[in-house]
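Let's take a walk through this model together, one piece at a time.

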Amino acid sequence: MSYQTLKRAVTARLEIKKSAFITYAYPVTSREQAMFHVEQLREQYADARHHCWAYIIGDPNNTTSAGFDDDGEPNGTAGRPILNVLQHKSIGNVIIIVVRYFGGIKLGAGGLTRAYAGSAQAAVDEMILSSYVPMITVQILAKFATEAQCRYVIESLNGSIENVAYSKQVTLTVTLAEANIEHLKERLAMDGRVLDKL
């Protein structure tokens, strides 16, 4: 499950046959968040002819949630090309919105498809991407005598300790990369017990 995510919002601008294509890309983790950005740009650019978009939540190769909208452009000429760029580049948890000001010259279906794909690519070219690492939160039960060893193992696996509770035993609440959970269990076999994920 390896894909890229956007570190921060970017914008790009293209002019094609007197039409202005203003592109915004935002990191998002839900459809609601994505639609919030669409509504914001509809208000900001209320006089624009089209506000076309596509988003992917999660893994672009095996997505749980994706969507697009041509917003009045001919069917399949705007949202789908934007989505295709995101899928081709393996970028998830992102929305790209293209605001179009019509310049008076019709581009035709092929021209529109190229314009929207080009606008999405222009935004991708501005992006600073990072690899998405699925995280998991678990609890570890340990004896007081083995707490230090547990902490050492967690740190060695780049995990972070979110909470520590002391009673008859020590309960550490830990977040770490999902891929490291088996290593954690193996390395703590003598020193602590990993409970099922929260």
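Before setting off, please bear in mind that this is a predicted model.

Ile140 has Val194 in E12 as its bridge partner. Strand E9, residues 135–142, and E12 are antiparallel and share 3 bridges. Stepping back, you will find that these two belong to an open sheet of 4 strands, ordered E10-E11-E9-E12, with antiparallel pairing. Strands E10 (160–166) and E12 (192–194) stand at the edges with a single partner strand each, so one side of each has no neighbour in the sheet. On average, neighbouring strands here are turned by 25° against each other, direction ignored. Helix H4, residues 147–156, packs on this sheet and touches E9, E10, E11 (170–177) and E12. The direction of H4 makes about 165° with that of E10.

Now zoom in on one residue of this sheet, Thr175, which lies in strand E11. Is Thr175 buried or exposed? With a relative accessible area of 14%, Thr175 is buried, because the cut-off for that label is under 20%. Leaving aside residues up to four places away in sequence, Thr175 touches Met135, Ile136, Thr137, Gly159, Ser160 and Glu162.

Next, move to strand E7, which spans residues 94–101. This strand is mostly covered, with 7 of its 8 residues buried. Which strands pair with E7? One is strand E3 (residues 19–27), joined to E7 by 8 bridges in the antiparallel sense; within this pairing, Tyr26 has Ile95 as its bridge partner in E7. Another is strand E4 (residues 50–57), which runs antiparallel to E7 and is joined to it by 7 bridges. There, Cys52 finds its bridge partner in Val98 of E7.

Our last stop is a pair of helices. The axes of H2 (residues 79–88) and H3 (residues 108–126) come within 8 Å and cross at roughly 40°, and the crossing is right-handed. From H2, the residues Pro81, Ile82 and Val85 meet Thr113, Tyr116, Ala117, Ala120, Gln121 and Val124 of H3. Sorted by class, this contact has 7 nonpolar and 2 polar residues, and no charged ones.

Key:
Residues are numbered from 1 along each chain as its sequence is written. This is a predicted model: local features need pLDDT of at least 70, side-chain atom pairs count only at pLDDT 80 or more; totals for chains, interfaces and linings use all residues. Side-chain values use heavy atoms; hydrogens and water are left out. Two strands pair if DSSP finds at least two bridges between them. Axes are lines fitted to C-alpha atoms, for helices over the stretch in contact, and angles run from 0 to 180 degrees between N-to-C directions. Contact means heavy atoms within 4.5 Å. Buried means under 20% relative accessible area, exposed over 50%, partly exposed in between (1.4 Å probe, protein chains only). A crossing is left-handed if the near helix is turned anticlockwise from the far one by less than a right angle, and right-handed if clockwise. Ala, Val, Leu, Ile, Met, Phe, Trp, Tyr, Cys and Pro count as nonpolar, Asp, Glu, Lys and Arg as charged, and the others, Gly among them, as polar.
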